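Hi everyone, thanks for coming. Let me put the structure up on the screen, and then I'll walk you through it.

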Amino acid sequence: MSNAPKVLIVDDETSILDTIRILLKREGYQVQTAVGGQQGIDAIHEFKPDFVLTDIRMPGVGGIEVLNAARELDSTIPVILMTAQASLQSAIQAVNQGAFHYIQKPFSNDELLVICRRAAESRQLKQENQALKSEIRRRDATQATRPVGKSRAFIEILALAETVGPTDSTILISGESGTGKEVIARYIHALSDRSSGPFVSINCGALPENLLESELFGHTKGSFTGAVRDKDGLFVAARTGTFFLDEVGEMSPATQVKLLRALQEREVIPVGATEPVPIDVRIIAATNRDLEEEIRRGTFRSDLYYRLNVITVHLPPLRDRVDDVPILTDYFLQRFAASRGRDALRLSSGAADALQAYDWPGNVRELENALERAAVLSNGGEIAADALPARIVTPKATPLVSDRLPPNPPMEIIERAYIHWVLASEGGNKTRAAEVLGIDPSTLYRKLLRYGLSE
């Protein structure tokens, strides 16, 4: 029975192990036995029992050590101590310190079965309680931190975030600067079982290489000039939580190697140290670069990319989801008004039209900054168009004819236009378009999503 409670029996006498094993298996339990305390501790980590039944007095490692090991792995695992008269006082003290119950030798089968049933029920109740708390926490997180947007593309992104949030998978978020990559990362963290742990973030492009390594992995006293004391890195600071590596594509090759090792081994070596430090974090990385192109250029490691790119979330630019501009505008204006104790702010029709027509090269961040400026400059409850930055109200016109050669467009614009042209030429047939482009259909699909051409 796969759903039957799992019980670990620990004793140094094999005859007692065999007797109890036969009894509990007959009652439908999944049973694992261990001869002695050390085997019992090893079995706790491998078998992950629902409850433990252990003798308290054994040569070498005793039942109290088994109890401590079980509680260290999972404090909700009930531990029942089997004790003789001579160790009864120790068993009572252990119960006061967290053991589930004790049973005095010799005991009857019925007495043992009653206590085991209670332990299994206690474990199930605690697990259900934890699951309920996690669900409530996720629901509250969804309501409190759900990013704002109503466009189809953005709703699909939120649905993906809500699917992967409760997992522990590594996630790579891509998108132009200002599209809200950290907002999505925080939302995923809030939906996860790690939401009670810290959310720690770092911009990998904001620090020089030697300082970035120290911030990521920590350092020991005297490892470099200015290292006057030992310092934990952010991997350690994010223990039991989420570590957000923003602009991961800016890392130097040397730091990429160390990050790859940390992800593979789940441990870091502080600068100047020789002993590794275990880490327990979920990694969410973000980049505004095309990392596949960086791999081709030799500036980003392919093995690190595949380690980070377990699940990809691509945020399209704001110009490709203009339906989100009004709802984002309302959200920011309400927030500004509340933070300054002002009445509700609203846009004039001219200001609303200007926001809707603008191209938003700076994406959501530019929209937020423009609205904050307008809110500060507006005295009344209505924001007029002239309170917005001039570039938004009167965008620079592009002449049809110019004496100067046009600037070279970025590769992304050329690629997007070419893919659009090929797809149109093939009547929207993605398979034939992929053949013409000389790429796999899966690669074409990713590029269509990235460029907002999936429709």
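This is a predicted model: local features need pLDDT of at least 70, side-chain atom pairs count only at pLDDT 80 or more; totals for chains, interfaces and linings use all residues.

Five strands make up an open sheet, ordered β7-β10-β13-β6-β14, and the pairing is parallel. Which strands stand at the edges? Those are β7, residues 199-203, and β14, residues 311-315; each has a single partner strand, so one side of each is left without a neighbour in the sheet. On average, neighbouring strands here are turned by 20° against each other, with direction ignored.

If you zoom in on β6, residues 171-175, you can see that 4 bridges join β6 to β13, residues 282-287, and that these two strands run parallel. Now bring in helix α7, residues 181-191. Helix α7 lies across β6, β7, β10, β13 and β14, and its direction is at about 155° to β6.

Next, helix α15. This helix has 15 residues and spans 22 Å from first C-alpha to last, close to the 21 Å expected at 1.5 Å a residue. Which of its residues are buried? They are Asn363, Val364, Glu366, Leu367, Ala370, Leu371, Ala374 and Ala375. These cover an arc of only 165° around the axis, which puts them on the same side of α15. And what covers them? The cover includes α13 (324-340), β15 (346-347), α14 (349-357), β16 (382-383) and α16 (390-393).

Glu366 forms a salt bridge with Arg391, with the closest N and O atoms 2.9 Å apart. Glu366 sits in helix α15 and Arg391 in helix α16, so the pair ties together parts that are 25 residues apart in sequence. Glu366 counts as buried at 10% relative accessibility, while Arg391 is partly exposed at 42%.

The structure holds 24 salt bridges, and I'd like to show you two others. Arg146 pairs with Glu162, the closest N and O atoms being 3.1 Å apart. Arg146 is in the loop between α5 and α6, and Glu162 is in helix α6, so this pair ties together parts that are 16 residues apart in sequence. Then there is Glu293 with Arg296, at 2.8 Å from N to O. Glu293 and Arg296 are 3 residues apart in helix α11, residues 291-297, and are separated by about one helical turn. Arg296 is exposed at 57%, and Glu293 is partly exposed at 24%. Both belong to a network of salt bridges that links Glu250, Arg289, Glu293, Glu294, Arg296 and Arg297.

Finally, the backbone. As a reminder, most residues other than glycine have a negative phi, and most peptide bonds are trans. The last stop is a cis peptide bond joining Lys105 and Pro106, with omega about -10°. Pro106 is placed in the loop between β5 (101-104) and α5 (109-145).

Definitions and conventions: Residues are numbered from 1 along each chain as its sequence is written. Side-chain values use heavy atoms; hydrogens and water are left out. Two strands pair if DSSP finds at least two bridges between them. Axes are lines fitted to C-alpha atoms, for helices over the stretch in contact, and angles run from 0 to 180 degrees between N-to-C directions. Contact means heavy atoms within 4.5 Å. The expected span of a helix is 1.5 Å times one less than its number of residues. Buried means under 20% relative accessible area, exposed over 50%, partly exposed in between (1.4 Å probe, protein chains only). The arc is that of the directions from the helix axis to the C-beta atoms. A salt bridge is a side-chain nitrogen of Lys or Arg within 4 Å of a carboxyl oxygen of Asp or Glu.
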